[in-house]
Amino acid sequence: MSYEFLPEIAIADQAFRASGKTLEEVFVSAGDAVTNTMIDDLGAIEPKKRRSLHLENAALDLLLFDFLQEIIYLKDSEQLLLRLERAQIREIHGKHVFDGELAGEKLDPARHSQRVDVKAVTLHRFNLEKTAAGWSATVILDI
Amino acid sequence: MIWELPVAYKEGMRVPARIYATEKLIEQMDETVYEQISNVATLPGITKYAFCMPDGHSGYGFPIGGVAAMDIENGGVISPGGIGFDINCGMRLVTTNLTEVQVRPRIKDLVEKLFQRVPAGVGSKGFVKLSRDEFRKVIEEGARWCVSHGYGWNEDLQLTEEEGCIEGADASLVSERAIDRGLEQIGTLG
């Protein structure tokens, strides 16, 4: 479970590649990459608040897209910095279904050293694929 | 110099693509520029040429520096990629009565003051607190709402496109979730 930022892909925006042994792990990694784009130290986020998230999409890659957009939505609407603690992704009647538990806290400028604000996940070169080692996602964030 | 990609360059191109650049600039342009500007040339209603300016580099859909005119009578489309996703994002040209000699030694102070006064960054909040109904008025009235609430001057409107309010805005078409995101951010930059 990991991610790396790819400065050579997007000059004015932020690109990253996230990977994991399972689909759930790549969702955790990608979620952390989005939050790490905004905040220096993910370890500084204390799990004080929890949110459950249920998402459905016919396309698996767009399910990841929806999940990442949700992290940005919660940051903008409630100033919440959240990390995915547990997730389950299943296929039910031809739809991909995500159920996740997120934990984190309200942004505190004194403790959360800020980087750049993420406005949106883009579909530009958006990719989720199965690899020999598990799953890999490439994402460009609009900052 | 003008460099041209003919319609034969790619299937579906309706017009040729033209890139304005010196030889040195064209050598440095990444290949995505050719890919993207020739894609622009396939858009419905495009007139005469898909252009790319000397600053051309990889964008989303359009290259940065891409220019195209669409004929609405001829099936023309509005392309968000062509308009630009970061349009109006914190860029301002302000005329003052100050001279370079006065400003240059104090640029650092000026920038620090701007950072203090203009909320920006992750989770930043504006000083304007609005109800959802009032927020919808801002969406419809644009900069005119700001002037009528003391956040600007009439002269500002005269120097703004469409005098700061494009006719026909309908806030009922904006989703509740979009308003959730914008409500705290009004009055911030970015």
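This is a short exchange about a predicted model with chains A and B.

Trainee: What makes a residue of chain A count as buried, and what share does?

Mentor: A residue needs 20 or more other C-beta atoms within 10 Å of its own. In chain A, 38% of the 143 residues count as buried.

Trainee: Which elements build chain A?

Mentor: Two helices and eight strands. From the N terminus the order is β-β-α-β-α-β-β-β-β-β. Take the contacts between residues at least 6 apart in sequence: 65% of them join residues at least 24 apart.

Trainee: What makes two residues count as a contact between chain A and chain B, and how many take part?

Mentor: Their C-beta atoms must lie within 7 Å. Chain B brings eleven residues and chain A brings 14 residues. On the side of chain B, helix H9 (residues 176–183) gives the most, with three residues. That side divides into three nonpolar, five polar and three charged residues.

Trainee: Which domains does chain B have, and how far apart are their centres?

Mentor: The domain assignment gives domain 1 (2–83) and domain 2 (100–183). The C-alpha centres of these domains of chain B lie 33 Å apart.

Terms used. Residues numbered from 1 in each chain as written. Chains lettered and ligands numbered in written order. Predicted model: local features only at pLDDT ≥ 70, side-chain atom pairs only at ≥ 80, totals over all residues. Helix = DSSP H or I, 4+ residues; strand = E, 2+ residues; numbered from the N terminus. Nonpolar A, V, L, I, M, F, W, Y, C, P; charged D, E, K, R; others polar. Buried ≥ 20, exposed ≤ 12 C-beta atoms within 10 Å, placed from the backbone. Domains from an automatic or database assignment.
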